[in-house]
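Thanks for asking me to look this one over. Here are my notes, as numbered points you can follow with the structure open beside you.

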Amino acid sequence: MRLGAAAYFSDSVLALATMLALAFTISLDGCLSWLTAAAAGLGAWTFAEYWAHRILYHRVAFFARMHERHHVEPEALIGTPPGLLFALVVILLSAPTYWLAGSTICAGATFGAFAGYLLYTAAHHISHFGKPETDSLFRGLRVWHLRHHHAGVEGNYGVSAPFWDYVFGTAIKRRRERLDQGMTART
């Protein structure tokens, strides 16, 4: 859905504020558990991001129609309704983790998930609006994501973590590699 600037950036601000609050929950005796949970939360985010983009945004009609607007107008401020992502992380990750593993693991996992979300939003925004330095992480993610938009083939669903595209066989080869293998734009 098309958003105003405040709504477009609101989930990022909320995620950052939540991460700052959660950073104060680290204690010396639970530091390793917290950091391990944060790494797991980050991994969970990238995994969920990949599958949501691949299945929901490209295969489920309701979401695919909205996502198609982004492909048609890649420089428009199009996103999910403000607060929806925050609610989903709390319902699908934070609450179950708290009940199953307690507050330390929950805080770390939630911190990691929101760190992944911020990486995703930064990578996605920079892909469409920025010109990152040639050898930067964001330059590589920008090239990766723009190939998703312009290669003419399905793939490159992982905006913040291309790793999953390699794991699940959806990495789009460079144009030269596709041509060398006799693949057309729609192959």
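1. Let me begin with a question: does asparagine 156 count as buried or exposed? Keep in mind that this is a predicted model. Asparagine 156 has 0% relative accessibility, so the residue counts as buried. You will find asparagine 156 in the loop between H6 and helix H7, the latter made of residues 163-167.

2. The surroundings of asparagine 156 are worth a look. Leaving aside residues up to four places away in sequence, asparagine 156 touches His53, Trp144, Arg147, His148, Asp165, Thr170, Ala171 and Ile172. With Trp144 there is also a polar pairing: a polar atom of the asparagine 156 side chain lies 2.9 Å from the backbone oxygen of tryptophan 144.

3. The backbone deserves a check here as well. Most residues other than glycine have a negative phi. Asparagine 156, however, has a positive value, with phi near 55°.

4. Next, helix H6, which covers residues 137-150. Leucine 146 has its place in this helix. Beyond residues up to four places away in sequence, leucine 146 touches Ser127 and His128. Leucine 146 and valine 159 are 13 residues apart in sequence, and their C-alpha atoms are 9.6 Å apart in space.

5. Now for the packing of helices. Two packed helices are described by the angle between their axes and the distance between the axes. For H5 and H6, the angle is about 70° and the axes are 8 Å apart. H5 and H6 are therefore roughly perpendicular to each other, and H5 passes H6 in a right-handed crossing.

6. Which residues of H5 meet H6? On the H5 side they are Leu119, Ala122, Ala123, His124, Ile126, Ser127 and His128. Their partners in H6 are Leu137, Phe138, Leu141, Arg142, His145, Leu146 and His149. The residues of this contact divide into eight nonpolar, five polar and one charged.

7. H5 (residues 103-129) also packs with H2 (residues 31-59): their axes come within 6 Å and cross at roughly 40°. H2 and H5 are therefore oblique to each other. This crossing, in which H2 passes H5, is right-handed.

8. H2 contributes Ser33, Trp34, Ala37, Ala38, Gly41, Leu42, Trp45 and Glu49. From H5 come Thr104, Ile105, Ala107, Gly108, Ala109, Phe111, Gly112, Ala113, Ala115, Gly116, Tyr117 and Tyr120. These residues of the contact of H2 with H5 divide into 13 nonpolar, six polar and one charged.

9. Finally, please look at threonine 18, in helix H1 (residues 5-23). Threonine 18 is buried, because its relative accessible area is 17% and the cut-off is under 20%. A polar atom of the threonine 18 side chain lies 2.8 Å from the backbone oxygen of leucine 14. Apart from residues up to four places away in sequence, threonine 18 touches Phe86 and Phe114.

Key. Residues numbered from 1 in each chain as written. Predicted model: local features only at pLDDT ≥ 70, side-chain atom pairs only at ≥ 80, totals over all residues. Heavy atoms only, no water. Helix = DSSP H or I, 4+ residues; strand = E, 2+ residues; numbered from the N terminus. Buried < 20%, exposed > 50% of the residue type's maximum accessible area, 1.4 Å probe, protein only. Polar contact = N/O pair within 3.5 Å; in protein donor to acceptor, adjacent residues only side chain to side chain. Contact = heavy atoms within 4.5 Å. Axes fitted to C-alpha atoms, helices over the stretch in contact; angles between N-to-C directions. Parallel < 35°, antiparallel > 145°, perpendicular 65-115°, else oblique. Left-handed = near helix turned anticlockwise from the far one by under 90°. Nonpolar A, V, L, I, M, F, W, Y, C, P; charged D, E, K, R; others polar.
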